[in-house]
Amino acid sequence: MASGHTTAASVRGPRFAGAGRRGALLLALLLAAAAALLPVAEPSCPRDNSVVKDINKMHQSNYGIGGFSHITVAGALAHGMKEVEVWLQTISAGQRTPIHRHSCEEVFVVLKGRGTLLLGSTSLPYPGTPQEIPVFQNSTFTVPVNDPHQVWNSDEHEDLQVLVIISRPPVKIFLYEDWSMPHTAAKLKFPFVWDEDCLDAPKDEL
């Protein structure tokens, strides 16, 4: 028999449904608030075309190279540079960069410390025994296009910090295992480690 009275079940059902929706909304808000408080990983290839930048806030990494630190101060991929690129690099005491060459001009300014530029030959089929050229704070030196070279922090106590300017970015680097490795066997690494997050696909030209 029909009744005009509303049953308790019919009242409780919608109330529970409304409470469930409010609970889900509250949970979502709490999760969003918690996520906002978590530290955000700095992108390794931040796109920044601002005129003034703070070097202290730029991405810095060793990119898997022991005793080494790199910051792209002004780059082609991250900052839109067309003709040159600027790096700030620090090499720990006793450490070396890989032996390498690249088809661009390179200028170094030594900001701190002292070390040795090792410069190989391009007239032989392989780099050969390199010249050892001392470098020191407030000195500057250049590396000719395609000359195999290595920067060594030959100081046992102090970091070597250099500002590096290259032409024709992004850089395409050929790596040598040692000074006797033929030029034709050097391995192309492009994009190089600090450009990998910015440029996934290699270019056709070398």
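Biologist: Which residues does Trp194 touch, not counting residues up to four places away in sequence?

Modeller: This is a predicted model, and what follows should be read with that in mind. Leaving aside residues up to four places away in sequence, Trp194 is in contact with Tyr63, Phe68, His70, Thr72, Trp87, Gln89 and Val171. Trp194 also belongs to the largest nonpolar core, which has 23 residues, and together with Phe108 and Val171 it touches the most other members. At least two residues of this core come from each of strand 2 (84–91), strand 4 (106–112), strand 5 (114–119), strand 7 (140–143) and strand 9 (160–167), and strand 9 gives the largest share, with 4 residues. In general, nonpolar side chains in soluble globular proteins tend to be buried together.

Apart from this core lies another, of 7 residues, whose members include Ile99, Leu118, Phe174 and Ala186. Some of these names return around the residues that the UniProt record, in an unreviewed entry, lists as "binding site": His100, His102, Glu106 and His149. Although these four are spread over 50 residues of sequence, they cluster in space, with a largest C-alpha distance of 12.4 Å, and His100, His102 and Glu106 are among the residues lining the largest cavity.

Of the listed residues, His149 sits in strand 8, and because its relative accessible area is 0%, under the 20% cut-off, it counts as buried. With Glu106, the side chain of His149 makes a polar contact of 3.0 Å.

His100, for its part, is placed in strand 3 (residues 99–102) and is also buried, at a relative accessible area of 10%. Among the residues that His100 touches, again not counting those up to four places away in sequence, are Phe174, Asp147, Pro148 and His149. A polar atom of the His100 side chain lies 2.7 Å from the backbone oxygen of Pro98.

Technical notes: Residues are numbered from 1 along each chain as its sequence is written. This is a predicted model: local features need pLDDT of at least 70, side-chain atom pairs count only at pLDDT 80 or more; totals for chains, interfaces and linings use all residues. Side-chain values use heavy atoms; hydrogens and water are left out. A nonpolar core is a set of buried Ala, Val, Leu, Ile, Met, Phe, Trp, Tyr and Cys residues joined through side-chain atoms within 4.5 Å. Buried means under 20% relative accessible area, exposed over 50%, partly exposed in between (1.4 Å probe, protein chains only). Contact means heavy atoms within 4.5 Å. UniProt positions are given in the numbering used here, feature names are shortened, and annotations may be inferred rather than shown by experiment. On a 1 Å grid over the protein atoms alone, a cavity is a set of points where a 1.4 Å probe fits but cannot get out, and a pocket is an open set with protein on both sides within 12 Å along at least five of seven lines; lining residues have an atom within 4 Å of a point. A polar contact is a pair of N or O atoms within 3.5 Å; within protein, one must be able to donate a hydrogen and the other to accept it, and residues adjacent in sequence count only if both atoms are side-chain atoms.
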